[in-house]
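The structure comes first, then the notes.

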Amino acid sequence: MFTLALSGSELYLGGQFTTANVGGTAVITNRLARVNTTTGAWSALTDPPIPNSGNGVNNTVNAMVVDGTNVYIGGGFTAVGGIIANRVAKFDTLANTWSVLGAGGGNGVNSTVNALVLNGTDLFVGGAFTSANVGGTTVTVNRVAKFNLATSTWSALGSGGGNGINNPATALALSGNDLFVGGQFTSANVGGATISTNNVAKVNISTGQWSALGSGGGNGVNNGVGALLAKDGILYVGGNFATANVGGTIVAVNRIARFDTASNVWAALGNGGGNGVNLGVSALAMNGSDLYLGGSFTQANVGGAVLSVNGLVKFDTLTSNWSALGSGGGNGVTSLATVRTLALNGTDLYVGGSFTTVNVGGTVVPANRIAKVNTTNGEWQSLMDTGGGNGVDGGVFALAVSGSNLYLGGFFSVAAGTKLSANFAHYCLSATNTAPTITTNLPFTARGDGGSIFNIADVNDAETPAGDLIVTVTSVPAGITITNITNTNGAINAQVVADCTAPLGNNNIGLQVSDGSLTATATLVLHVAAAFPVTITTNPTSQTVLAGQPVTFASDATGGNVVQWQVSTDNGATFVDIPGATATFVLNLIATPGMNGYRYRAVITGTCDSVPTNAATLNVAGTAVVISEFRFGGTGGTAPENASKDEYVEIANNTDEPLTVSASDGSEGWSVVAAQPDGPPVVLFTIQNGTVLSRTGHFLGVNSDGYSLSNYGGASAAVGDAFWNHFDIPSNSGVALFATTNPANFNAVTRLDAVGFGNVSNALFREGSGLLPADGITNTGEYAFVRKQPSSTGFSTDSDNNQIDFFFVAVNPVSYSGRLAIFGSPGPENLSSPLNYHPGNGRGQYINVALLEPLQPATKPPNQVPSVAPADKDPIHGPIGSLYLQRSYVNRTGQTLTKLRIRIVDLTTDNRGTLVTPQGIQRLITSVDTTVASVTVKGTALEPVSSGQGAGGINSTVDAPLPPGGLPPNATVHLRLRLGIKGTGQFYVRWTVEALPQ
C-alpha cells in the first residue's frame, strides 16, 4: 500500500494489492479499494452500469487526492474499472463510476504519476511523463502538467513554449499562485527559455512563469528533494541535500531548509550555528509554529550544539530551537530505523516507519512500526491491543486519522501480534465478548526437520469473528519452539520445531485464546519422533583450471540445510572454515596459483548432526601472472639508430586480486630472462620480493638504450619500472618469467610464463610452437605483440600457445618479415598505469558501463549513431563517414578517478581477419563533445604512441576528459567513441575501461 485518502466515512486505499478484507470474506480489489470506517465494509471501486467492468486499476497507485465525492488517483496504471485510463483517473463515490482525464479521446499521461495537488478546478500532476491527453490530441508536458476539471483540458506549465522540467518530479506543494515542484531536475521551462534550477523550483499557475528558488544567482539545493511543505509564505524542503542557493551565496543546510517566498532567501534551520539533521528527511508535518521532521537521522542542529534524536525531531520556527520528542531523556525511535510517515491529531503525533521501540534514551517502549507521542508532554505510547500486541510486523508507509480511528498502510501482514491484516490495519477499542472455544489437534514432528507448519487448533467465538481472535502459547517443554502463529478464519497454524533435546513422545503445550477481553485456555499435545538424518546426495568434484579463472564446487544433501565450506592446505590433514562461505550448497572461487592442490569440502548440518562431503582437489594449471605485451625492436623514436634496442617486456597480474611477488625458492624475487641462440640465457630485469601488482596491474621492463615510448598516455606515464642496457634481445629470441632470481633454478617448475618465436631452441622460452615468423621481426616499425583478451572474462588469454594468444599490431599495417600486421598500436603499461576494469568477472561493480539512453537498443541512436556528413568524414581514416558509440560510465570504485581511458581490445580493422560477414574496416579517431537531450557527451582523444598518428586500432587507447579534481565516487561521465569508416560492411568492436584511482 502506497497511499490513503479519507472522504467522509469512506477511506480509499491505493497500492499493489489485489484483494481486500483479508482474513474475512475476500473482496477482489485490483490496487484500489475503499472501506467504510463506520461499518467496516470493504468494496471494490467498480462501475455497475457496465457488466464485468473491473474492480480497480491494473497497476500501482502512487498518489491520491479527494475533492468532495470525487477521488483522483495517479500512478503507473493504464486501465481502471474496465476502461483505458493512462496513469491518472477520477472515481465518483456517489455514482460509483470511473472517468478518464482528457478530451477528444484523450485519457491521461504517457508515464508514471508520482504526486497530485488540487486547487479549485485545477488538478496539478507531477511524475516522469512527457506528454498528456494520450489517445487524443497530445499535449507536450515535461514531468508536470495541469488538468482543468471544468473544461477537461490538459495544459503545460511554462511560458514562451516552455513545458516543464528535465527530470521526474517527486513532490508538489501549492502556496497561493505558486506551485512548488521538487525532485532531481536541473532545469525548468524546458522547450522555452530554459531556467537553471537545482532540484526545486516554482511555477506561477496564472502566468506559467517558472522561477528558480534563490537570490544572487542561487537556484535550489545540491541533491534530491523528497518532501515539501508550504505554509504562511514559507516553503520547507526536506531530502538528502547539504547546501542551498546553489549558484549563488551557498547556505549550509543539512537535509532540511527554509525558503522565504517573499524575499527569495534560503535559510538553515537551527541555532548557534546549527543547520539541520545528519541523515535524510522523508516526512514533514506542521502544527502552529512547530515543524516535525521524520527520517533516518540521529542528530539535529548539526554544526551547533548537537542534539541526539532518533528518526523524529521538532523544530520551533519562532524560536529556532530543536527539541527531541520524548520524556525522561527519550529522543525518538529505534536507532538507525526510519520514520516514513507522520499524522497529527490535536496534540498527538502518530509516527509510522520501520522501528520496533520508541523513546530511545528514556524509558524504552516496545512499539512495532507504529506509535504515538504527545507533543505537549513528550510521552510516548505504543498502540496496545487487549491481547498484548503493540503494532504490526512490517513497515508502515501511510497513516490516516478519522475520529477515534487510526488507519495504517504499508507492507505488513500481521497486526497486534496475531491478527491477519494484509498491508492495512485499523486500531480501535475492543468490545466485551463471551469467552472463545478451542479445539486442539495432534501435530506430529521429528527432531531435526527444521520446523514444519501444522494446524495445531481451531478456535471460535459467539460474538467475535474467528479470524480476529488472538492466540498465544503459554507453556512449552524445553527443546520445542512454537512460532509464526497465524489465524485464518479460526484455523490456527504455527511453525513447530523440535531440537535435539526435545523429549520423544507426547509433549503438553499450553494454548491461550482471547477475543480482546475474555480468555480461554487448552492443552495441545505434540508428538515428537526421532530426528531426520543428514544424507549427502552430491559430493563436490575435483577440477583443473587456469589461474585467474572462476571455479565452482557444488554439493547437496537431504536432512540438513546449513552449509559451511572448508579448505585444507595440507593435503587433507586438517580443514578450516572459509569465512562467509555459508550461504548455499555452491562455492564460487577465483583460482590463484597458491590454491594449487587445495582440497575443498562442505559440512552440512541438520538440527542434530553434521556430515562432511567428500573433499575435492583444485588443480591450478596456469598462473596468475602473464607476459602481456612485448617487442624486440621498434623505431628508436628520435634516435633511429637505436631501433633494434627499442624494446620492452610488460608483465600483467591476470586476476582481480592484488598479487605480491614472492620467490618460490627463497631467492630475491622473480626474473625476466631472454634466450640467446648461441649462449646462456640473459637476465633482463628482476621484480623484487614484496612488490605488489594491483588487481589487473602491470610491471614494465625496458631497454634503457633505446626504449622510446615513455610518454605514451602522458608525460613519463609509461616509463620503465625496471631497466636493462648493453644487451639487444635477438630478433628470433624468447623471454620467460621465472619465480626465482637463482639461475640454477630457471626450469619448468619455476617458470610462470614465456613467449618466443618458433625457432627458439630452448622450449622454456616459448609456449607451443612459438610465434610466427619463426625467425622474428627484423624490420623497424611501431609495432608490438599484444596478448588477447576474450570477451567472457576480460582476463588475458593463456592457452600455452603463443601464436594463438597474441595479436601482432602496428601503426603501419604492412608486412614485417613476412607477417602482416593488424592495424593497432603498442601500449606499454607500468605499475602506475590505469587498471583494467573490463566488466567481465564482475569488474562492472567498479566502473559501470551503461547505454546513454537505456530505453533504446544498443544499436539505435543515441547509443550508436552513424554519420556520413562531411564533417564526420576523415579523408584517410574514415572517408566513408563515422560511427559514434555513446555510453555512460559510472564510477563505482569508491575512490576519485584521476584518469580514465578506453582501450580497444578487438576491432574489425585493417588485416584483422574475418569476424563478421560482410566485414567493414574501422579505425579509432579522436572525437569532440556533443549534446544529447541536454546531456553533454564528452569527446575522447587518441593517445598516440608516435607523432603524427591520426587513428588507432587494436590496443589503441583514447583519453576521457574528467572534471577538475577527477571523477568522484558514484559520479557519471558520458563519453563517445568515434570509429572512422574506411570500408563498408558490418563492424565488431570490444573495448575495456582503464582507470587510475586517486
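Of the chain's 998 residues, 52% count as buried, where buried means under 20% relative accessible area with a 1.4 Å probe, protein chains only. This is a predicted model, in which local features need pLDDT of at least 70 and side-chain atom pairs count only at pLDDT 80 or more, while totals for chains, interfaces and linings use all residues. Residues are numbered from 1 along each chain as its sequence is written, and side-chain values use heavy atoms, with hydrogens and water left out.

**Whole chain**

- The chain holds 1 helix and 92 strands; these are DSSP runs numbered from the N terminus, with at least four residues (H or I) for a helix and at least two (E) for a strand.
- Among contacts (heavy atoms within 4.5 Å) with a separation of 6 or more, 57% are between residues 24 or more positions apart.
- The accessible surface of the chain is about 38200 Å², and carbon and sulfur atoms make up 51% of that surface; the areas come from the Shrake-Rupley method with a 1.4 Å probe.

- An open sheet is formed by 4 strands in the order 25-26-29-30, with antiparallel pairing; two strands pair if DSSP finds at least two bridges between them.
- Its edge strands, each pairing on one side only, are strand 25 (225-231) and strand 30 (265-268).
- Strand 25 is joined to strand 26 (residues 234-239) by 6 bridges, and L229 stands opposite Y236 in strand 26.

**Nonpolar cores**

- The largest nonpolar core has 39 residues, of which I847, Y889, L900 and W991 touch the most other members; such a core is a set of buried Ala, Val, Leu, Ile, Met, Phe, Trp, Tyr and Cys residues joined through side-chain atoms within 4.5 Å.
- Elements giving two or more residues to this core include strand 84 (881-891), strand 85 (897-907) and strand 92 (989-997).
- Another core, of 34 residues, lies apart from the largest one and has V649, L693, V755 and F808 among its members.
- Beyond four places in sequence, W991 touches residues including H838, L885, Y889, I902 and L977.

**D753**

- D753 lies in strand 75 (residues 751-756) and counts as buried because its relative accessibility is 0%.
- Leaving aside neighbours within four places in sequence, D753 is in contact with V625, V626, I627, A736, L737, E767, R787 and D798.
- The side chains of D753 and R787 make a polar contact at 2.9 Å; this term means a pair of N or O atoms within 3.5 Å, and within protein one must be able to donate a hydrogen and the other to accept it, with residues adjacent in sequence counting only if both atoms are side-chain atoms.
- D753 and D800 are 47 residues apart along the chain, and 8.6 Å separates their C-alpha atoms.

How values were computed. Buried < 20%, exposed > 50% of the residue type's maximum accessible area, 1.4 Å probe, protein only.
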